[in-house]
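The tour goes stop by stop.

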Amino acid sequence: FVSLGCPKNQLDTEVMLHEVLSAGYEITPEETEADVVIINTCAFIESAKQEAIDNILDVAWLKKNANLKGIIVTGCLAQRYREQVFEELPEVDAVIGVGSLHKIVEAIEAVERKRQYSSFEDIAKMETACDRVVTTPEYLAYLKIAEGCNNRCTYCAIPLIRGKMRSRKIEDCVNEARELALNGVKELIVVAQDTTRYGEDLYGKNALVPLLKALSMVEGIEWIRLLYLYPERIDDALIEEIANNDKIVKYMDIPLQHCDKNVLKRMNRHGDRESLTEKREKLTADAAEINLEIATAQKEIEAKKDEITRLEGRSTSHKDKLSQLNSEIEEINLKNEEIAKRIEVLKSEANALREQSVASKEQIAEEIRRTVREELGITVSVGVSFNKIFAKLGSDMKKPDAVTVLSESNWKERVWPLP
């Protein structure tokens, strides 16, 4: 298997892994040892398509120079270009779309019989909850809460490839979370094309907060991390839940393509610089511990720069506005890092003071022991209270509650309790 693209694509790879292993096939990490290589592709942007094509051509070399019998292309590139993949890349033996993940075994069997194979079932009917083989480190796993997207951004092909948004039921998500927890997962990374629209299609209203509350009740899950939170839908209820729920990581992954109102309108995106600034200020004021991971920076901008340039037109003022907003966000992130470092210093200082306090109590206890032995010059009998000892010493130290003192013969075995 070669899995390209986003975490949502990785989840599809995990589903196909389960199908293949359940059919009795063996998975090898070495392409040179494989009879069939399955490439799960991305086609979101031009660079992703090129990466998919490069991987297909690299693997195709093994058909001539190793034991490779066939190449199966799955995922977004397959869904978007379908039979055209065979025409442009004759090295490919089978193509299946995102709605046909469960057909992967049929595709392998066809390739083994040297038959060309393709399947593109209705994406609207594809399962949103399937058995899978988790490929992330054992302590974390992705949890896909919805498939598809309703945003219809002018530069994005996801609705064309993945279809309309289809949310999973809360109970389905919770059941999968429980199963993951039983297998040792501690952190859930919640994903969808637009996580902040979860439940609108299923319940008629946003249900992300109720879902988070339910997930946080799953025993064994300690962290819940949210990806793909669109800024215009981050409302007060979500901010409050993230800030007050101990299991939700104080982190927000926010896709932000631009801040100019006119450019955003041409992108079919919402908001403007003022609304984004207001949202940022609200997040940092109401929930200062939430770290903003803005998914623009240069990765997002560079990846979509041709399309964004077209939408921006010839004006450079749009770029200046976006650059200024990015600078302000970076400044806030740096301040958050400084606060976090200061908190760690304070914790260290508190621990040091705590250790000193323990040491001081031990010193007081040893002083009492020494004084009783040396200054009183008596063998202390059972039943003598601290009140009598302190009265004899004339000490003005704060007296602890009365505690029995053991006899000299077993003195060293006694650790005197102090408040």
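**Stop 1: the parallel sheet**

Select E1 and strand E2 (residues 36-41): two bridges join them, and they run parallel. Residues are numbered from 1 along each chain as its sequence is written. This is a predicted model, in which local features need pLDDT of at least 70, side-chain atom pairs count only at pLDDT 80 or more, and totals for chains, interfaces and linings use all residues, while side-chain values use heavy atoms, with hydrogens and water left out. Strands (E, at least two residues) and helices (H or I, at least four) are DSSP runs, numbered from the N terminus. Two strands pair if DSSP finds at least two bridges between them.

Pick out the bridge partners.

Now widen the selection. The open sheet has five strands in the order E1-E2-E3-E4-E5, with parallel pairing. Strand E1 (2-3) and strand E5 (117-119) stand at the edges; each has a single partner strand, so one side of each lacks a neighbour in the sheet.

Stay on E2. Six of its six residues are buried (under 20% relative accessible area, against over 50% for exposed and in between for partly exposed; 1.4 Å probe, protein chains only). E2 is therefore largely enclosed by the rest of the structure. In a regular strand the side chains alternate between the two faces of the sheet. Colour Val 36, Ile 38 and Asn 40 for one side of E2, and Val 37, Ile 39 and Thr 41 for the other; all are buried.

**Stop 2: the cysteines**

How many disulfides are there? The count is zero, taking a disulfide as a pair of cysteine sulfur atoms within 2.5 Å. For Cys 6, the nearest cysteine sulfur is that of Cys 42, 6.2 Å away. For Cys 42, the nearest is that of Cys 76, 5.5 Å away. Cys 6 is partly exposed at 29% relative accessible area, whereas Cys 42 is buried at 14%.

**Stop 3**

Select the loop between helix H3 (76-81) and H4, where Arg 82 lies. Arg 82 is not a glycine, yet has a positive phi of about 45°. Its relative accessibility is 36%, partly exposed. Move on to Glu 88 in helix H4 (residues 84-88). Glu 88 is exposed, at 56%. Draw a C-alpha to C-alpha distance from Glu 88 to Ile 53: it reads 9.8 Å, across 35 residues in sequence.

**Stop 4: the largest nonpolar core**

Which residues touch the most other members of the 35-residue core? Select Ile 145 and Leu 215. A nonpolar core is a set of buried Ala, Val, Leu, Ile, Met, Phe, Trp, Tyr and Cys residues joined through side-chain atoms within 4.5 Å. Elements supplying at least two residues each include strand E6 (140-144), helix H7 (170-182) and strand E9 (187-191). H7 gives the most, with six residues.

Next, go to the loop between E10 and H10 for Tyr 228. Tyr 228 has a positive phi of about 65° without being a glycine. Tyr 228 is buried, at 19%.

**Stop 5: a cavity**

Finish by selecting Pro 231, Glu 232, Pro 255, Leu 256, Gln 257, His 258, Leu 264, Arg 269, His 270 and Leu 276, the lining of the second largest cavity.

Methods:
1 Å grid on protein atoms, 1.4 Å probe; cavity = no way out; pocket = protein on both sides within 12 Å on 5 of 7 lines; lining within 4 Å.
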